[in-house]
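Open the model in your viewer and keep the selection tool at hand. The stops below follow one another.

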Amino acid sequence: LVLFAVSFAFADGINDWKKIIKDRTCVLWADAQLLDDIVLNARGNASITWLPRALLRTFEKNKEADDWVVRGLNFYYSGANKKKLNGRDVVAINYKAVKTWNFNINNFKFGDYSVSSEDILSNKNEYIDGELNSGFQAVVYLAVPSKIFKQGKDLKIYLGDDSVIMHLPKR
């Protein structure tokens, strides 16, 4: 598999919340062939977004943020997840199958940290792990150790044997 990271550029006038999210997001193209800016034969893509606890204040009063962002940040308020999120940050993975794709959340690694089923914050009925049909899309939320996300540094994210670099903002 070949994975491709897309750096998000932003135009003047875009809402601050969109810039904040784009600065914390990278996109993986699974099993793709790359020809300059053209992506060929991809099985699917996964847009991976780091939603640290520090964003809570920024988004508390924001009525324009996408639902998936609000949902991810709401895990910090959930009593059932408080223990699971102790020393951890929420990561949202928006994924979509372009072709039939065998997607397995346990194949993700963030640096040296391997994701396990205990890290999943989403309810099992909200996402599918395994063989996906073309066009299927969902969001799965994870609790990943906060110490992995070092501001201003790069974080290598793995999906199986492939990897991508997430460039973390300084603040």
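Start with the side chains of Asp 89 and Ser 146: a polar contact of 3.0 Å joins them. A polar contact here is a pair of N or O atoms within 3.5 Å; within protein, one must be able to donate a hydrogen and the other to accept it, and residues adjacent in sequence count only if both atoms are side-chain atoms.

Before moving on, note that this is a predicted model, in which local features need pLDDT of at least 70 and side-chain atom pairs count only at pLDDT 80 or more, while totals for chains, interfaces and linings use all residues. Residues are numbered from 1 along each chain as its sequence is written, and side-chain values use heavy atoms, with hydrogens and water left out.

**Stop 1: around Asp 89**

Which side chain of opposite charge is nearest to Asp 89? It is Arg 53, 5.5 Å away. Asp 89 is buried and has no salt bridge. Buried means under 20% relative accessible area, exposed over 50%, and partly exposed in between (1.4 Å probe, protein chains only). A salt bridge needs a side-chain nitrogen of Lys or Arg within 4 Å of a carboxyl oxygen of Asp or Glu. For charge, Lys and Arg count as positive and Asp and Glu as negative; His and the chain ends are not counted.

**Stop 2**

Helices (H or I, at least four residues) and strands (E, at least two) are DSSP runs, numbered from the N terminus. Strands pair if DSSP finds at least two bridges between them. Pick Asn 94: its bridge partner in E10 is Val 139.

**Stop 3: salt bridges**

The structure holds four salt bridges. Select Glu 126 and Arg 71, whose side chains meet in one of them (3.1 Å, N to O). Glu 126 sits in the loop between strand E8 (113-114) and strand E9 (130-132), and Arg 71 in helix H3 (residues 67-74), so the pair ties together parts that are 55 residues apart in sequence. Glu 126 is partly exposed at 31% relative accessibility, and Arg 71 is partly exposed at 32%.

Go next to Arg 43 and Asp 31. Their side chains also form a salt bridge (3.3 Å, N to O). The pair links distant parts of the chain, 12 residues apart: Arg 43 is in the loop between E3 and E4, Asp 31 in the loop between strand E1 (25-30) and strand E2 (33-35).

Then pick Asp 23 and Lys 19. The closest N and O atoms of this salt bridge are 2.6 Å apart.

**Stop 4**

Select Asn 41, in the loop between strand E3 (38-40) and strand E4 (44-51). Its phi is near 60°, a positive value in a residue other than glycine. Most residues other than glycine have a negative phi. Asn 41 is partly exposed, at 41% relative accessibility.

Finish with Leu 35, Ile 38 and Leu 40. Together they make a nonpolar surface patch of about 260 Å². Ile 38 lies in strand E3 and is partly exposed, at 47% relative accessibility. Patches are made of residues with over 30% relative accessible area and no salt bridge; like charges are joined within 9 Å, nonpolar side chains (Val, Leu, Ile, Met, Phe, Trp, Tyr) within 5 Å.

Note on methods. Areas by Shrake-Rupley, 256 points an atom, 1.4 Å probe, with all protein chains shown as cover.
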